[in-house]
Amino acid sequence: MSDVVKCAHCAAISHSEPTEDINSNCMFCFGLFTRFLSDDFVNEVVAEFSKYKKCDSVFSLSFEFPPALYLTQILLYFSANSEYKVNDDVVFNTKSAYKSLLLPKLQSQITHAYTHHGGIEIHIHLTDDLTESYLFKLNSFCCEMRPLSKRSKQDILQNNQQLLDILRVTSLSRVLEKVSPLQLPSPKGFVKIRTPSIFIGGRYCKFSRKCSQSNWVINGKQMSEFSVEDLISRPFLKLFAASEAVFRASGREDIDVLMLGNGRPFSIEFVCPMFSQFKQDDIDNVTSEVNSSTIISINSVKIINKNDLKVIKEGEELKRKHYSAVIYCQNGCPSTKQLDELVQRKELVIHQKTPIRVLHRRPLLTRERMIHSMNWKQLDEKHFMLQLITQSGTYVKEFVHGDLGRTVPNVKALLNTEADIIQLDVDHVDLDWPL
């Protein structure tokens, strides 16, 4: 095995002598131990970590290595002296070995306590240029030793035990002869810091019929000048110094529909924030900034727990929603008797096929929905207001005009007159939120 290049780190792990070559990478770690345990790399990790050090009092480590390194773990295992007294997991797992060498170096410069999971996560991602060709050679060799039908190069990674069994009965020199590339992969690495997400919850009102709920982009073109998502998320992104904001709401209203009353429940997840310790006063100050807009307002905003999000998800099907719809009747409003008979219908079950206007983005289904109650108020000869309490998920516009018979029954058919909706507002969403 004198022709096998082995760095000092891998030699120490396998209780053997190093055989380093200045012109070649170690054949067991591809040079990653030498390169990514250097003082320069450790200092780079610490410098990146320091940007997020106020987020938590503990840190953890995670790694992403090139798939070809799995083979080197096995080679290292088989090249080790059979009488060494080192834990098998350390010898066999390159990640564990790298972690055991890197962690003390980091702990000498980072005052935070170490934990196996959670806290500020230091993620080290290593890649190489030759993984694909390396795995192809490995797969070919294993198929030669023990042919299997319909195998792909990815199967090697999914059947580690089979690979191990083959290598147990094969000389290490033959493995190296068959699968070692002429040029070993040169590892490349970068560091990413991951911090626990921050979640806020609250309610929003929308006062513009030109503001969408989320960013509305079609073929790269912004279709609305404003969005509720952007108007709320942007100021809080600055507060938390987060990399991304994930906006969620309990249902949604069309761009031309107002959200009134005490607002629609929403939550925002702020991913990888640089800061995590905040007082309610900080949240209230940003809330006031958002509320300086004439387009939206927010209320009841506070830090929430991730587990609270299930309330919003469950509420999408269970909650009731209150609407006010202005309806235009081309031939004049129906009689008082007709309108009274309409609103006397309680717990009215309707069936709605996916509306034509959303069929391009929703599956074609027939949904059963409930109209719990209705009230009416005449506005003029051709307009009246219909106030409804409906099951969540009801397409109210289609319930009024029928959507070419795709919603049955509908207001147009029940009144036996031409009727269309010209304005719709959400007055209230029944959901106890935030908790």
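Contact here means heavy atoms within 4.5 Å of each other. The structure is a predicted model, in which local features need pLDDT of at least 70 and side-chain atom pairs count only at pLDDT 80 or more, while totals for chains, interfaces and linings use all residues. Residues are numbered from 1 along each chain as its sequence is written, and side-chain values use heavy atoms, with hydrogens and water left out.

Leaving aside neighbours within four places in sequence, Lys 412 is in contact with Val 400, His 401, Thr 417, Glu 418 and Ala 419. Between Lys 412 and His 401, 11 residues apart in sequence, the C-alpha to C-alpha distance is 5.5 Å. Lys 412 belongs to helix H16, where helices (H or I, at least four residues) and strands (E, at least two) are DSSP runs numbered from the N terminus. Its relative accessible area of 29% makes Lys 412 partly exposed; buried means under 20%, exposed over 50%, and partly exposed in between, with a 1.4 Å probe and protein chains only.

Pro 409 lies in the loop between strand S17 (407-408) and H16, and a cis peptide bond with omega of about -10° joins Val 408 to Pro 409. In the loop between H16 and S18 sits Asn 416, a residue other than glycine with a positive phi, near 55°. Asn 416 is exposed, at 70% relative accessible area. Another cis peptide bond, again with omega of about -10°, joins Trp 433 and Pro 434, and Pro 434 is found in the segment after strand S18 (419-429).

The buried residues of H14 are Leu 339, Leu 342 and Val 343. They cover an arc of only 90° around the axis, and are therefore on the same side of H14; the arc is that of the directions from the helix axis to the C-beta atoms.

Turning to helix packing, the axes of helix H11 (residues 228-240) and helix H12 (residues 280-290) come within 9 Å and cross at roughly 145°. Axes are lines fitted to C-alpha atoms, for helices over the stretch in contact, and angles run from 0 to 180 degrees between N-to-C directions. In this contact, Leu 231, Ile 232, Pro 235, Phe 236, Leu 239 and Phe 240 of H11 meet Asp 282, Ile 283, Val 286, Thr 287, Glu 289 and Val 290 of H12. Thr 287 is buried, with 11% relative accessible area. Setting aside neighbours within four places in sequence, the contacts of Thr 287 are Phe 236, Ile 298 and Val 301. The C-alpha atoms of Thr 287 and Ile 298 are 6.7 Å apart. In the loop between H11 and strand S10 (244-249), Ala 241 has a positive phi near 50° and is partly exposed at 25% relative accessibility.

Helix H3 (residues 39-50) and helix H6 (residues 94-107) pack at an angle of about 65°, with their axes 10 Å apart. H3 and H6 are therefore roughly perpendicular, a term that applies from 65 to 115 degrees. Here Asp 39, Phe 41, Val 42, Val 45 and Val 46 in H3 meet Tyr 98, Leu 102, Lys 105 and Leu 106 in H6.

For the chain as a whole, the secondary structure comes to 16 helices and 18 strands, and 46% of the 435 residues count as buried.

Technical notes. Parallel < 35°, antiparallel > 145°, perpendicular 65-115°, else oblique.
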